[in-house]
Amino acid sequence: MEKWEDNRAWFLVLPVFVVVAFSAIIPLMTVVNYSLQDIFGPGQAVFVGTEWFEQMLSDTRLHDALWRQFLFSGLVLLIEIPLGILIALAMPQKGWTVSASLVTLAIPLLIPWNVIGTIWIIFTRPDIGLFGVGINSLGILDVPFDHTARPIYAWVTLMAMEVWHWTPLVALLCYAGLRAIPEAYFQAARIDGASALAVFRYIQLPKMRGVLTIAVLLRFMDSFLIYAEPFALTGGGPGNTTTFLSIYLVKLATGQFDLGPAAAFSLIYFLIVLLFSFIFYQALLNVGKGEKRS
Amino acid sequence: MVLVLQSVDKIVRREVHLKDVQLEFAPGSRHVILGRTLAGKTSLLRIMAGLDRPSCGRILVDDRDVTGVTVRKRSVAMVYQQFINYPSLTVFDNIASPLKLAGLSKSEIDRRVRETAAILHIDNLLDRLPAELSGGQQQRTAIARALVKETQLLLLDEPLVNLDYKLREELRTELQQIFERRSAVVVYTTTEPAEALMLGGNIVVMDEGRILQAGPTPEVYRHPATMRVAEIFSDPPINFIKGRVHDKQAQLGEAIRLPLNGHMAQLSSGPYIFGVRCNHLFLKSTSPNDVAVQVMVELCEINGSETFIHIDYENTRLVVQDDGVHQLKIGRGITVYVNPCHFFVYDPEGKLVTSPDQTCYTGT
Amino acid sequence: MACIDMREVAHSYLPKTQKLEQYALKRIHMTWKDGGAYALLGPSGCGKTTMLNLISGLLKPSQGQVLYNGSDVTGLPPEKRNIAQVFQFPVLYDTMSVAENLAFPLRNRAVPPDRIRQRVAEVADMLDLTPVLHRKAAGLSADAKQKISLGRGLVRSDVAAILFDEPLTVIDPHLKWQLRRKLKEIQERFHTTMIYVTHDQVEAMTFAEQIVVMYEGEVVQVGTPEELFEKPGHKFVGYFIGSPGMNFLPCRVRGNVAEVDGVAVRLDDRTADLAAKARGTLELGIRPMYLEVNLEAVEGALPADVKTVEDQGSCKIVTLSLGGHILRARLPEEQRPPHQKAWLRFPPEWTRLFADGRLVG
């Protein structure tokens with residue numbers, strides 16, 4: 001239905017608009033500006049058109065970082081979504097244990113992100129970390145565990161940290177989705193003699209579609225843009241085995257001060273995230289659509 | 001207040017919610033809008049209230065164009081299906097809320113709230129929260145909140161549909177009495193023909209966004225202008241039989257032949273559709289003009305002291321509503337009697353050609 | 001098919017209560033016969049849904065036993081009791097087609113696929129669902145969805161009972177007719193025990209052979225629609241059934257004749273014999289359609305003031321005031337209604353006497 005239009009309301013939006021313009025739109029335009037020019041120094045810039053874009057698109061280190069990023073985000077989704085669903089299914093529905101589990105689950109979400117990186121560094125240290133000491137004392141690894149000793153260790157630590165940090169979000173979203181299902185569906189399923197697996201497949205999972213869409217999109221976008229945790233944990237190493245797109249971008253921009261290529265890269269980065277989010281969204285929407293219209 | 005809707009349309013993303021609505025509401029009149037779900041009743045009510053703007057057309061209050069005026073500036077009160085109350089306010093505060101916004105004095109607010117609460121029999125619940133009340137009591141609170149404003153327009157959107165059958169009956173009688181005493185224009189929507197008949201006043205029959213017929217309720221009931229109006233405005237559903245007129249006789253199907261008397265005397269030859277309400281078909285002959293029809297029983301539903309008998313006449317399903325308790329077996333052949341003066345006659349396009357006149361109803 | 005017994009069943013939602021008032025369902029002791037069509041009728045909060053859930057096994061009673069065909073099922077969950085339930089709003093498996101929805105209960109019980117196909121086709125035919133059998137269930141209208149819910153119960157040919165919890169709530173009024181008719185056809189054809197919970201008396205009376213009227217956790221009366229209509233055992237039944245409900249007038253008894261405002265009202269022979277011994281608050285009850293409204297004074301009639309006359313199409317409802325009491329009369333369409341005054345006569349065969357709310361006779 002069309003809502004009533006009151007033109008005076010636009011004036012209330014104006015301050016927000018001004019702030020957003022200053023903090024987002026103008027800087028964005030600056031980035032676009034940089035991506036099209038080669039800047040030698042203040043006031044000395046040459047218009048180079050799409051040169052930076054071409055350079056970035058053919059940069060092998062960019063391709064490596066991109067590949068690593070996809071791997072990372074893929075693993076994140078593969079682990080966090082099912083795990084979140086399982087935790088939500090296991091959570092209690094009534095009584096004081098509900099609040100207790102919700103609070104426990106929310107704790108990882110409240111910790112500042114680079115502090116999380118530090119927590120996991122300490123946790124995996126071979127001298128004082130619980131995990132580091134523990135796994136080394138088992139003596140099953142040829143190279144003693146340290147989070148930067150080998151690429152695989154770095155990845156394992158990174159994934160563990162990421163899953164520990166963000167699965168609670170997925171679990172909370174799925175829990176909300178599950179709680180919204182009317183009791184009658186479960187009663188009907190019991191009466192139909194459905195097994196727990198059938199109940200999950202035919203009732204719980206379809207009805208969680210809305211929250212799962214949100215969970216997938218949020219986790220994909222966040223993990224694709226990840227910076228603070230890997231940087232705090234490994235700094236991008238060992239070597240560049242955990243250099244993800246954003247870490248590479250920051251190195252380019254502030255490390256090497258190649259503003260032109262970095263700006264071009266930012267824009268490409270933005271478009272990649274946009275494209276994949278769009279694909280995910282359409283896919284999840286259409287799974288639902290096939291059932292609504294018939 | 002005289003409310004007029006002129007050529008109102010409401011089209012949302014190529015879906016027609018309302019089309020070409022022309023209505024006029026006289027001051028102090030009562031109107032029931034009858035239609036099936038998705039007929040456009042709620043859309044119409046929202047436009048009358050000022051919550052939505054029509055895509056085209058005008059709304060005039062006392063000859064003033066108020067189409068662009070927001071709902072806050074109009075004198076309107078609305079009651080919804082879903083017992084809408086402020087959950088954190090007590091019943092007293094709920095009812096008082098519109099008066100507080102209007103800035104009346106505390107003593108005046110107190111007086112009016114208690115008065116309205118007494119009318120709706122909730123004056124002993126004033127310090128409770130809506131969550132502590134039953135469905136009927138919550139809806140009474142919502143109605144009290146709408147009444148206390150003493151607006152010129154009172155809109156009710158199927159307010160009783162979520163209540164128990166008996167509660168609905170009670171509240172309906174009370175509402176009738178309340179409406180009598182008000183000088184506001186009252187507009188009430190419903191999907192049940194029985195409710196429309198019980199509330200009386202005027203009726204507006206809607207279907208698919210259009211007004212099919214409007215007028216005093218008994219008149220529209222006795223003279224439904226189209227077959228669709230007759231269908232919507234009947235419960236149990238009206239019976240229709242195809243027939244034709246020729247040789248000074250009306251022939252319905254193979255077996256029914258009616259002489260062309262009374263209101264059917266002027267019918268010209270050709271195909272027609274004949275309609276008759278269930279309560280005008282009987283298991284016994286009640287008048288010398290009755291015509292007997294052989295039919296087969298499909299189902300019997302006993303409703304207290306009357307029975308609905310579903311019959312089959314030449315593959316057309318009909319319903320007979322007769323007094324008394326009849327237990328008839330499925331498949332049994334019986335005779336049904338009908339007085340020809342009770343038939344509505346429609347042309348093949350569905351428009352009313354002739355309807356029973358008054359003498360028929362008084363049994364002369 | 002099963003005969004369901006409820007023995008000394010009572011239920012409270014508060015686990016440790018001893019007080020009777022806090023019981024949602026007070027002592028219930030009754031039998032639901034095999035193949036019967038029953039309706040549980042009562043206002044909101046009377047305990048009918050609690051009763052239904054105790055029968056289906058979704059709730060375990062605080063006291064008492066539930067037996068199916070003589071064996072104790074009190075501890076058994078619904079899936080072991082072999083019952084089917086249709087809820088207020090359509091409960092379907094959205095991701096499946098209509099055929100898959102209907103087949104689901106049979107698949108869970110490992111019935112062979114040919115038998116499943118055959119049974120699904122039979123049930124779909126019964127419910128006029130064959131044209132939409134392969135469409136996704138989620139896209140259909142509300143009444144089609146309720147039919148699918150019903151179908152899931154019918155598809156198991158050995159189902160003990162089908163329970164309905166106000167199933168027509170979301171259905172449009174003009175479609176309620178068809179669905180009600182369909183339910184009745186199925187009941188008459190297959191003689192499955194069906195228990196239908198509702199607050200709508202028309203639904204209850206048209207569907208059921210026996211109606212169980214409930215009020216505040218107790219069963220007030222069990223009887224056929226006709227019995228409940230003509231011989232309500234309790235004032236509540238007289239009020240709850242019938243639209244409008246029964247009229248009640250306080251009266252006194254002199255000998256074997258009732259007196260209202262000094263005017264004698266004759267009672268039928270049986271009631272008259274018992275009237276003399278009746279004790280407690282006495283009231284006359286008569287249904288609006290049996291109250292005789294005369295335009296002129298006749299013998300034995302009481303004068304009353306006419307308050308309103310409502311034309312309701314197939315009948316007229318006249319509201320009258322008699323000595324401060326409001327009465328309603330239902331006149332047939334053709335009868336001329338009174339204008340300001342009317343004289344009311346109480347035909348003895350339809351006039352009932354109630355003592356402390358209970359029927360005398």
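Predicted model: local features only at pLDDT ≥ 70, side-chain atom pairs only at ≥ 80, totals over all residues.

Trainee: What are the ipTM and pTM scores?

Mentor: The model scores ipTM 0.79 and pTM 0.79.

Trainee: And what is the mean pLDDT of chain C?

Mentor: The mean for chain C is 86, with 99% of its residues at 70 or more; pLDDT is the predictor's confidence in each residue, from 0 to 100. Within chain C, confidence is lowest in helix H10 (residues 269-275), at a mean of 78, and highest in strand E3 (residues 37-41), at 93. Helices (H or I, at least four residues) and strands (E, at least two) are DSSP runs, numbered from the N terminus.

Trainee: Where does pLDDT stay under 50 in chain A?

Mentor: That happens over residues 290-294 of chain A, for which the model has 10 contacts beyond four places in sequence, a contact being two residues whose C-beta atoms, placed from the backbone, lie within 7 Å. The mean pLDDT of chain A is 85, and 95% of its residues reach 70 or more.

Trainee: Switching to chain B, how many helices and strands does it have?

Mentor: Chain B has 9 helices and 21 strands, and its C-alpha atoms fill a box of roughly 75 × 45 × 40 Å along the principal axes. Buried residues make up 43% of the 364 residues in chain B, where a residue is buried if 20 or more other C-beta atoms lie within 10 Å of its own, exposed if 12 or fewer, and partly exposed in between, with C-beta atoms placed from the backbone.

Trainee: Is helix H4 of chain B mostly covered or mostly open?

Mentor: Helix H4 of chain B is mostly covered, since 12 of its 14 residues are buried, among them B:Gly136, B:Arg140 and B:Leu147. The elements that cover those buried residues include strand E6 (76-79), helix H2 (91-102) and helix H5 (165-181) of chain B. Helix H4 of chain B takes in residues 135-148 and reaches 20 Å from its first C-alpha to its last, close to the 20 Å expected at 1.5 Å a residue; the expected span is 1.5 Å times one less than the number of residues.

Trainee: What is the strand order in the open sheet of 5 strands?

Mentor: The order is E15-E19-E16-E17-E18 in chain B, with antiparallel pairing, and two strands pair if DSSP finds at least two bridges between them. The edge strands are E15 (281-282) and E18 (316-323) of chain B, each of which pairs on one side only.

Trainee: How many bridges join E17 and E18 of chain B?

Mentor: Strand E17 (residues 306-313) and E18(B) pair in the antiparallel sense over 8 bridges; B:Ile309 stands opposite B:Val320, and the bridge partner of B:Ile311 is B:Leu318. E17(B) and E18(B) form a hairpin with 2 residues between them, and B:Glu314 in the turn has a positive phi of about 50 degrees.

Trainee: Which residues touch the most other members of the largest nonpolar core?

Mentor: Of the 182 residues in that core, they are C:Leu40, C:Ile195 and C:Tyr196; a nonpolar core is a set of buried Ala, Val, Leu, Ile, Met, Phe, Trp, Tyr and Cys residues joined through C-beta atoms within 7 Å. Beyond its neighbours within four places in sequence, C:Leu40 is in contact with residues including C:Met51, C:Val197 and C:Met214.

Trainee: Last topic: how many residues of chains B and C take part in their contact?

Mentor: The contact takes 33 residues from chain B and 32 residues from chain C, and the largest share of the chain B side, 4 residues, comes from E16(B).

Note on methods: Residues numbered from 1 in each chain as written. Chains lettered and ligands numbered in written order.
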